[in-house]
Amino acid sequence: MNDVCNKIPRHIAIIMDGNGTWALKRGLPRNMGHRKGTQTLINTLKYCQQIGIEYLTVFAFSTENWSRPKEEVDYLMKLPEQFLEKYHTEMIENGVRLRVIGRRDNLDIKLQEKIIQVEKETEANTNINFTLAFNYGGKDEIVQATKKIIVDVIDKKIGINDVDEKMFGEYLYTKDIPPVDLMIRTSNQIRISNFMLWQIAYSELFFTNTLWPAFRRKDLNEALEAYANRTRRFGGIK
Ligand code: IPE
Ligand code: IPE
Ligand code: MG
């Protein structure tokens, strides 16, 4: 950690990719990769908290992942409930605030209730903001926000000229969350796959070959070190 204490990102987002590949490489079913990935997630959350990251957002299931075989979708749908069941006491004790972003309407009702429960239980926590993007799509988020804005314009709660970038951001799932400073994707896939399209407008991007279940502190340190050496310009000049 010696050389990565310089500039710490406030908000890290991670596309946790490579679970299936990790499992297949070991002759295991893909779902075992997802299970192992859950362990990586809890360890990463603890480490981020330890080093003072304020916001950690992770991509766990995309609006496109429904197209996978039923057995895998069923397994992935069960994971968040198990995760929240297993770790919610620990999250409360450690001051973790949980948010879940993404579409809720087509999720199992029990999962919806569990999400509401844990969000409520942790809402006063301030140690780290942990956001799970589940059944999330960046394009879908923008479409949903647009619809809500149109309704508010029709209802005369706002006028068309009130709509600017700041107001638009307030209609997104991430309304209470700052923009992403550092976006990490594992598994050597150099793409965004519909994750946080609005929020990564000026993020620094970091791609690693490491598969998500094998992602460790040293991998995060590498990303932090790369981040600390970047110059962010936001369109200006330095
Ligand atoms: C990421 O791992 C988890 C989800 C997308 C749910 P993958 O399941 O995409 O693993 P690979 O990319 O096939 O290795
Ligand atoms: C992105 O990974 C979604 C998650 C990590 C949850 P995918 O594995 O679904 O992305 P593509 O299909 O390789 O672009
Ligand atoms: Mg993948």
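Which polar backbone atom lies 3.1 Å from an oxygen atom of ligand 1? The exercises below work towards this and related points.

The structure is a predicted model, in which local features need pLDDT of at least 70 and side-chain atom pairs count only at pLDDT 80 or more, while totals for chains, interfaces and linings use all residues. Residues are numbered from 1 along each chain as its sequence is written, chains are lettered from A and ligands numbered from 1 in the order in which they are written, and side-chain values use heavy atoms, with hydrogens and water left out.

**Exercise 1. Describe the surroundings of ligand 1 and its polar contacts.**

Step 1. Begin with the opening question: the atom belongs to N19, whose backbone makes a polar contact (a pair of N or O atoms within 3.5 Å; within protein, one must be able to donate a hydrogen and the other to accept it, and residues adjacent in sequence count only if both atoms are side-chain atoms) with an oxygen atom of ligand 1 at 3.1 Å.

Step 2. Turn to the side chains, where an N or O atom of R30 is 2.9 Å from an oxygen atom of ligand 1, and an N or O atom of R68 is 2.7 Å from an oxygen atom of this ligand. The protein buries 85% of the 370 Å² that ligand 1 exposes when taken alone (areas by the Shrake-Rupley method with a 1.4 Å probe; for residues, only the protein chains shown count as cover).

Step 3. Look at the whole shell, meaning the residues with a heavy atom within 4 Å of the ligand: there are 13 residues around ligand 1, and D17, G20, T21, R30 and R68 come nearest. By class, three are nonpolar, six polar and four charged (Ala, Val, Leu, Ile, Met, Phe, Trp, Tyr, Cys and Pro count as nonpolar, Asp, Glu, Lys and Arg as charged, and the others, Gly among them, as polar).

Step 4. Assign the shell to elements, which are DSSP runs numbered from the N terminus (helices H or I, at least four residues; strands E, at least two): α1 provides the largest share, three residues.

**Exercise 2. Carry out the analysis for ligand 2.**

Step 1. Read off the polar contacts: oxygen atoms of ligand 2 lie 2.9 Å from a side-chain N or O atom of N65, 3.3 Å from one of R185, and 2.7 Å from a polar side-chain atom of R191. On its own ligand 2 has 390 Å² of accessible area, and the protein covers 78% of this.

**Exercise 3. Are I14, T186 and T210 buried or exposed?**

Step 1. Apply the cut-offs, by which buried means under 20% relative accessible area, exposed over 50%, and partly exposed in between (1.4 Å probe, protein chains only).

Step 2. I14, in strand β1 (residues 11-15), is buried because its relative accessibility is 0%.

Step 3. T186, in the loop between β5 (182-185) and β6, is likewise buried because its relative accessibility is 0%, and its side chain reaches the backbone oxygen of D17 at 2.6 Å.

Step 4. T210, in the loop between β6 (204-207) and α7 (217-228), is buried because its relative accessible area is 18%.
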